[in-house]
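Here are my notes on the model, point by point. Please read them with the structure open.

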Amino acid sequence: MTGVTFPTKARPLHLRALAIFEDLRQEWLRTIIMVAAVGIVGWLVLYPLAILFNLGLHSRTGAFTFDNYITVFSEPGLVSALVNSIVISAGTTVASLLIALPMAWAVSRTTMPGKQFIRLAVLIAFVMPNFITAIAWILLAGPNAGLLNVFMREVFGVAKGWSVFSRGGLILVLTFSFYPLIFFASAAALDNMDPSYEEAAQMAGASAWRGSLGISLPLVMPAIVSSSIFVFLEAMGAFGAPAAIGNAAYFHTLTTKIYELFSYPPRFELAAAAATPIIAFTVLGLMLQRYATGRRRFNVISAKPKVARAVDIGIGRWILFAFSMLVIFASVALPLFVLVRTSLLSRWGLPFTWQNLTFKNYAALFDTSTILPRAVGNSLMVSAGTASICVVLALVIVWLIERTKLPGRALLTFICTVTFAFPGIALAVGFVLGYREPPLALYGTIWLFFIAFTAHRFPFAFQFVRNGVKQLSTELEEAGRMSGASWTRTLVDISVPLLKSGMMAAWMMVFAVTLRELSMAVLLNVRGTETMPIAIFNFVDNGTFESAAAVSVVLIAMSILSVAILRRIAGKAQMEV
Amino acid sequence: MRHRLGTLLLGILTLPIGLTHEALAQATVPTMDELYQAAKAEGAVDFGGAVKEDAAQELLQAFSKKYPGIKVSYTRRSTEPMVQLIEADRLANKVSFDLINLTEPADMVRYKTEGFVQPVPLPDRDVLLPGTYDPDNYYYALGITPMYGIYNTASLKKAEAPTSLKALVSDPKWIGKVAISRPSRGGTGAAALLNVVDAVGVDFLKNVKERDILLTRGNEAAVSSVISGERPVSWGVSGYRALEAKAAGSPIELIYWDEGTAIAQFMGAVPTKANHPNAGKLLLRWLMTKEGQELHVKAADFYSPRKDVELAPRNEPPLSKLKINLFGNDRLLKTGQELSSEFDKAVGLK
Amino acid sequence: MSKLEIDNVSMSFAGIRAVNGVSLRVEEGETVVLLGSSGCGKTTLLRLIAGFLRPTSGAIRVNGKVVASEAIMVPPERRSLSMVFQSYAIWPHKTVAENLSYGLRLRGLDKITTAEKVRVALATVQMDAYADRYSAELSGGQQQRVALARALVLEPEILLFDEPLSNLDAALREHMRFEIKALLTKLKITSIYVTHDQNEAMVVADRIAVMNNGRIEQVGSAEDVYYRSETDFVAKFIGLANVFDAEVLGPADNNCIRLRTPGLGDVLATSGNRHFKDGSAVKLYIRPENIRISPQAGSGENHRRGQVMRRSFLGAQLDLLIDVGGTALRVVGPSAAGERHVDASTFLSFDPADCLVLTTNQ
């Protein structure tokens, strides 16, 4: 715009106020919905965080103090734990990129065989709780008794195998848990990409390979960057796998360090102080994302989608196929194999022979004298509810951020993202404290799970819906208004149907991560509000891995089933996850 | 709100100190029948502890039979998650349990000083082994268990298995062969470590990192590591878990150390603000009777702190035949914690 | 009362005035084109009319009723307008017929009436055979027609066009502008049409509003803005012009004035009934097609001799660059006017009536 800048002439205050009021009155339903959504999200996120800050700023006797922060930051090992967390999260991000990008490109843009199978398999990797992946990998790559190391020793005579009890081992487990995030984000972006860019590159003489890789990947860079930040932050906030592997390998991550502050004796105020720096990483991530995606234009869902022609990469398709299969074998098949195998044994550790096989571990899921049927019910209800609440809230908030010029949108974006990497266990303290007294005495009820999980997982829905809205041309919505539909009608009749695939993807992601959520549930659950991960955790704690494995298999099956149902409802073409 | 929590904490801290001794001197111990009537009026009892689920159910069924009309429930957590659960409850000003059961002496002592648990005088306290109860009656060991060494029978023949702690922590052949529950994560692990230090001297901690000991989260994971063969030996795991695993057919065998085997205690106490305090007291006192203890031994694979219960779990020798090292809570609390902390420092976890 | 009244409307984004004190009246049945290069504020003005933006100051009235002012903001759906979008914005999840019927159903029309209106609207744009198609199954031109039909079917008070043809290929664009013009003439719909293409503007418009820097420079018929440009911007923006700095020497006969230019010497130009002070600095504009070339020297005012520097054959026309005593003149004439080759000597002349003079600003 080659406009002339004027010093903004201040309009009389009462006129401005009148104008704003008139806007609000004219679109009163929109105003109510938006105020409600912002209020709910603000409350969900800021209230527990405020409690944690407050907790971190007071001594045990209630006096205001900075001592907790001083204690935490002078605590020996905190700095090294932080360094470990950064190194491991960075390693996980890089490894995830190396794994996920070729697979996503191959699945989206090439003639590689087995694409649908690979998409489904990667989803399984995603829904597997990372503490389960960790246990599976301990059974697979324990230095002495890990199945892989035994195999290597007995067949190839490799004396000293690779140990999962190491930083590398932790990176491996986290990578196998989180690479699907990059895979799905980049595959979806590539699917939506205008293929003419690639064709142009080919016209310019690039080979099909080079053209597609060299042109497509930079074009979907915003998706790659934002999902990489996701992986980094998820790895920062992960607890299950670091706890299972870190101790054994004599190192701490920030989350295991924070966890230690919760016990012997519990020092919640220190834990609160220790958790707050993670917010800095979230802010950094947001800034990075903004920098990386700020100037690029997103692909727009136009009225006429172009069907991308798959790139024929000759022998390369088999190389990529083999690579994808190897990744899936390691990240899905092996852990799943270990889980299923264990779940069928009458007692884990027994040899896998006929007389040791049983279905009793699965039968227990229907045994009403145990917590299991209730846990399954709770898990389904909480996950589906949380996913639904998150998606609806995200739709309104994203609209507000992407489609209006209201001041404070950057702040709102921050609020919508801040809980992402926040360690669940620390956040849970805020919820326990914040919801213990009337009128908010929800601690001990299942309702607090909805509230806490929504607050913790909202960023997922927010990001996915936001990507969808960014790709949606505003004119489609404006056409609705011009046809005479109110804002609300347009949202329901035009935006929602067009954003279906993005919203479904968001719903799935939140459902899957909530289904496996453990770190918050550990503090929030009381008798009667157990979820499946809690049941798994208890079984592991109890040493009955066979039961833990059976519940895990069912949890994974439920995730797959829900994806299948969603696909059926949405129509295959609409679902790219 | 934080302020209110603070005053609450202060109140709790100051209250019991004045009460402790005089209150006890004057307190008359109610009969079981009086307690039962009061408990029946409360109608329910919620037990939370580390005892295995099926064992706890067995015990509670027997209790229900003897004292009908009280609805029983049980929530199982090992000590670390149990303490978290209790602490979350406390943050929320709630009490979930009428009887709690923990292995961590530090937490029990803290709960006593903070007034979170209340004294429950026993009429026949004299029959208990010294050191297995709080002199002020705030907590009692519901069961005691040896921290057996265990080894994997598939990896080691009986003759190859270690018998001396000294050899285990100094002989190079055991480097990279030992798994234990990380001592700073619970009282049982600390007791086992204390036992090792008593046997071989504190200097071994200096080079403990080179021993390449696998540290697990909790006893069960240590037992699991030995069962899977990941590490063929442990210097001490909770006995009841080892016995249960062995009985279930897992390839492990117990080791009674030449230097003596540590004893860990599983302490029970009744929270001051329990929802059903009388029912909690009734359950605790019944569990501490000879009848309750014999059942506890049979169901939960524990030894009994009662001198008049000769019964041993799973046909193991009676306690009197074993070379055991029973540490009082004071020593466990002070030295045990210090050593655990030293251990963490030595391996780089602190 | 005009159909649409825009009254001193301004709109700023972050301190930048995208629309700066614009006033405009549009009469019933009239088509006004907002013409300007990108960033001139034409789209912003259209969106202000549509109701997607709120003016920072000023007022907009439809049928005399205020729809936007400092105190009033009627939302787009209650302004009885409709719009044809640049991207067509055909909803991809609805069929063509559903796209059209959506707005009608919202207005509470029953199914039968709706179907009939949709049929008529589709027939108007010759798309009746495509009622059950989805947008992905239509070509760009077909989508354009659907978008038009969707806007027409609502029988709006004012129809808004936002660069509706810019996504079409050249041939189709050429064709569609006549079709749209015919339709607008036939239906007598009041419309505001935004484009950056002056040919399109000239075809479609009853009046053209040329915009620059957030302001309307001139409003008038195509002939007005072309022949009687009122500002330097309009003169340069519409068509091509050879521009010269000049000084007014004094009045001459036939409503003319005499100018002195550094490059072309003395030139006789029409004053267009305006008064120019002697000695004042002005600008002289001569359109390339208004310069006649001939092999023979002519006599009288405004005759020059030159040499062809560049010659481009454009089919019907010849585009020449001619050096007149060191000054380059662009000349466009019919190809039949004569075979000129580079370096050839030629004579040219221009009618004083075709010489536009504007006062230099500042």
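1. A term first. A residue is buried if 20 or more other C-beta atoms lie within 10 Å of its own, exposed if 12 or fewer, and partly exposed in between, with C-beta atoms placed from the backbone. Because Phe350(C) has 23 C-beta neighbours inside 10 Å, Phe350(C) counts as buried.

2. Ground rules. This is a predicted model, in which local features need pLDDT of at least 70 and side-chain atom pairs count only at pLDDT 80 or more, while totals for chains, interfaces and linings use all residues. Residues are numbered from 1 along each chain as its sequence is written, and chains are lettered from A and ligands numbered from 1 in the order in which they are written.

3. More on Phe350(C). This residue lies in strand β19 (residues 345-350) of chain C; helices (H or I, at least four residues) and strands (E, at least two) are DSSP runs, numbered from the N terminus. What does Phe350(C) touch, not counting residues up to four places away in sequence? The list is Ile286(C), Asn290(C), Ile291(C), Asn302(C) and Cys355(C). Contact here requires C-beta atoms, placed from the backbone, within 7 Å. Arg133(C) is 217 residues from Phe350(C) along the chain, and their C-alpha atoms are separated by 56 Å.

4. Chain C domains. The assignment gives domain 1 (29-55 + 67-236) and domain 2 (240-359); such bounds come from an automatic or database domain assignment. Over C-alpha atoms, the centres of the two domains of chain C are 39 Å apart. Contact between them involves 5 residues of domain 1 of chain C and 7 residues of domain 2 of chain C. The domain 1 side has 1 nonpolar, 1 polar and 3 charged residues. Here Ala, Val, Leu, Ile, Met, Phe, Trp, Tyr, Cys and Pro count as nonpolar, Asp, Glu, Lys and Arg as charged, and the others, Gly among them, as polar.

5. Chain A domains. Chain A is divided into domain 1 (28-65 + 360-577) and domain 2 (67-136 + 174-343). Here 46 residues of domain 1 of chain A are in contact with 49 residues of domain 2 of chain A. On the domain 1 side, α27(A) gives the most, with 10 residues. That side divides into 27 nonpolar, 14 polar and 5 charged residues.

6. Chains A and B. Their contact takes 41 residues from chain A and 49 residues from chain B. On chain A, the elements that each supply at least two residues are α2 (28-56), α20 (424-434), α25 (519-524) and α26 (532-542). The chain A side holds 21 nonpolar, 15 polar and 5 charged residues.

7. The core. A nonpolar core is a set of buried Ala, Val, Leu, Ile, Met, Phe, Trp, Tyr and Cys residues joined through C-beta atoms within 7 Å. The largest has 397 residues, and those with the most contacts inside it include Ala394(A), Ala461(A) and Ala506(A). Helix α8 (residues 167-192) of chain A gives the most to this core, with 17 residues. Beyond four places in sequence, Ala394(A) touches Phe458(A), Ala461(A), Phe462(A), Val465(A) and Ala506(A).

8. In α24(A), 15 of its 16 residues are buried. Helix α16 (residues 316-343) of chain A has 28 residues and should span 40 Å at 1.5 Å a residue; its end C-alpha atoms are 38 Å apart, which agrees. The expected span is 1.5 Å times one less than the number of residues. α16(A) bends by about 45° at Phe329(A), the bend being the angle between axes fitted to the seven residues ending there and the seven starting there. Among the buried residues of α16(A) are Ile328(A), Ser331(A) and Pro335(A).

Conventions
Two residues are in contact if their C-beta atoms, placed from the backbone, lie within 7 Å.
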